[in-house]
Amino acid sequence: MNCILAVKMYITKMTDESGPGMKVLLMDRETTSIVSMVYGQSEIQQREVYLFERIDAGNQEPMKHLKCIAFLRPTKENIHTLAMELRRPRYGSYYIYFSNITPKADIKTLAEADEQEVVREIQEFYGDFLAMGPHLFSLGIPIMYQGSGWDHDILTRCVQGVTSVLLSLQKNPFIRYQSNSKMAKRLAETIRQVLSKESELFEFRQMGSPPLLLILDRRDDPVTPLLNQWTYQAMVHELLSINNNRVSLGHVPGISKELKEVVLSAEQDEFYADNLYLNFGEIGQTIKELMDDFQKRAKSNRKLESIQDMKNFVEAYPQFKKMSGTVSKHVVLVGELASLMERHNLLEVSETEQELACQEAHSQHLQHVKRLIANEKVRHEDAAKLVMLYSLRYENHSNNDTSGLIESLKRRGVSDRLVKMVRNVIEYGGAHARQSDLFGQQDAVVQVTKRFFKDLRGVENVYTQHKPLLVGTLEDLAKGRIKESAFPFLGNNNNAATKRPQDVIVFIIGGATYEEALSVHQMNQTSSLGIRVILGGSTIHNSTTFLNEVDAASTKSRSQNL
């Protein structure tokens with residue numbers, strides 16, 4: 001089970017089936033992102049693809065010497081535009097691949113438009129999702145909730161995305177869903193209808209116990225997306241935002257032109273692949289060791305005691321930039337993360353966040369949150385998130401002082417939107433919306449971990465107390481302890497209930513996080529649990545996008561109640 005290999009295999013097959021010769025790859029907005037997540041431009045050019053076109057670009061220039069590989073989502077707009085293209089073909093021949101199940105009527109429309117008989121192939125290749133990593137996929141839907149129910153178009157897109165993952169991985173699963181979520185149940189039922197209607201497509205040879213599709217709702221764990229992160233990939237996404245493997249650094253003072261936007265792809269960047277799950281201190285240590293090694297070879301003796309020293313080193317030694325390939329890019333990224341960490345007091349903020357997520361100590365937590373709200377170095381959004389975490393943990397505490405903290409935020413000058421988000425988060429994921437015991441017994445089982453790095457000043461410790469709710473759910477599933485009342489099977493699946501699945505595909509309505517992806521990666525490395533997990537979500541959240549989601553859900557909910 002590997003999302004990246006599944007999509008990559010489809011694209012490789014497309015270029016192989018069209019035979020030798022110069023090719024153009026014709027895509028839509030979404031398939032452009034799907035391809036770019038798994039293939040670099042230079043890599044795909046080695047497969048004789050020399051031109052990349054968007055179907056909606058309106059280019060009319062004929063190039064009959066080129067073969068056209070069209071990789072498109074089977075939307076009405078794409079079918080219509082492609083039919084117009086075939087009536088007046090610009091290319092010598094067409095090899096058409098749709099990313100999902102395509103209605104026969106649409107195939108007929110294209111056949112009728114192909115009067116010049118330029119179409120050589122029409123197939124379905126089920127790469128209708130963003131492969132974010134071997135065990136991680138996203139559907140690229142930033143706003144999911146429409147109040148408490150589904151928007152029809154978004155439901156359709158989720159069904160298409162999840163079924164394409166199942167088809168690409170060749171899995172015909174049993175389905176379980178979070179019982180208190182009407183959205184999870186409806187998605188599960190709609191996916192099962194597709195599995196039933198298209199049963200011939202899902203006739204795969206199953207080895208061992210049957211696979212499982214587990215559908216969850218983000219509302220059950222609103223804490224994980226609110227936390228600051230300290231592993232490299234998650235931290236970059238939280239503080240700088242990763243958008244389809246790209247990070248914008250245009251705001252960094254004095255940044256060179258080639259680093260204004262950098263690509264972070266484990267497929268194309270060996271350093272990133274080796275280090276994306278390391279914590280921040282370890283990343284700094286790894287870069288320092290590479291620089292120390294270079295200095296030995298260059299017989300240099302510059303002191304590298306801080307991240308700023310590293311940045312100065314890269315500027316002074318352009319040959320290190322050449323030798324190290326992509327490492328210099330990461331020096332800039334780590335430098336910017338360190339700057340944000342120092343400027344906004346993120347170590348202290350994160351320590352309190354972790355305590356709120358994992359421990360019960362009301363009066364102590366209340367004082368910590370008040371102190372940080374009063375600290376001018378702390379960003380408004382971090383102050384507001386601390387109040388959100390406090391209000392979630394102590395929602396039903398007899399001495400709850402959420403109202404007092406909200407007044408403190410107002411006095412601090414925090415925006416009305418962020419202040420209102422405190423109540424919105426409770427409406428979205430408070431005790432009434434959750435079925436799991438989010439703050440239950442963690443004190444007894446979670447160990448506080450601190451890592452100290454004496455060789456690298458400026459990076460003192462990393463907090464990794466918090467474990468996402470997903471970890472406990474998957475551990476219970478692997479050990480056969482998951483309750484059917486909490487996660488029922490769809491339909492009568494008594495036979496499946498007795499068998500523990502080996503392959504599990506998790507889909508989180510409302511988005512997954514990189515912290516959860518790290519937990520799944522660690523779980524997949526642990527053979528003792530005996531399960532392999534693929535994690536997917538409507539999007540991959542950081543705290544900013546998550547709060548946008550919460551805001552949209554609350555706004556829609558209010559408008560529905562008017």
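Me: Which residue of E3 is the bridge partner of leucine 25?

Reply: In this predicted model, leucine 25 has isoleucine 69 in E3 as its bridge partner.

Me: What makes strand E1 and strand E3 a pair?

Reply: Two strands pair if at least two bridges are found between them. Strand E1 (residues 23-27) and strand E3 (residues 63-72) are joined over five bridges, in the parallel sense. They therefore count as a pair.

Me: Where does helix H4 pack, and how is its direction set against that of E4?

Reply: Helix H4 (residues 76-87) packs on the sheet, where it touches E3, strand E4 (91-98) and E5. Its direction makes about 160 degrees with that of E4.

Me: In what order do the strands of the open sheet lie?

Reply: The order of the five strands is E2-E1-E3-E4-E5, with parallel pairing. Strand E2 (49-54) and strand E5 (119-124) are the edge strands, because each pairs on one side only.

Me: Why are H15 and H17 called roughly parallel to each other?

Reply: The axes of helix H15 (residues 362-374) and helix H17 (residues 402-412) cross at roughly 10 degrees and come within 10 Å. Angles under 35 degrees count as roughly parallel, and H15 and H17 are therefore described in that way.

Me: Which residues meet in the contact of H15 with H17?

Reply: Leu366, Val369, Lys370, Leu372 and Ile373 in H15 meet Leu405, Ser408, Leu409 and Arg412 in H17. By class, the residues of this contact are six nonpolar, one polar and two charged.

Methods:
Residues are numbered from 1 along each chain as its sequence is written. This is a predicted model: local features need pLDDT of at least 70, side-chain atom pairs count only at pLDDT 80 or more; totals for chains, interfaces and linings use all residues. Side-chain values use heavy atoms; hydrogens and water are left out. Axes are lines fitted to C-alpha atoms, for helices over the stretch in contact, and angles run from 0 to 180 degrees between N-to-C directions. Helices (H or I, at least four residues) and strands (E, at least two) are DSSP runs, numbered from the N terminus. Angles under 35 degrees count as roughly parallel, over 145 as roughly antiparallel, 65 to 115 as roughly perpendicular and the rest as oblique. Contact means heavy atoms within 4.5 Å. Ala, Val, Leu, Ile, Met, Phe, Trp, Tyr, Cys and Pro count as nonpolar, Asp, Glu, Lys and Arg as charged, and the others, Gly among them, as polar.
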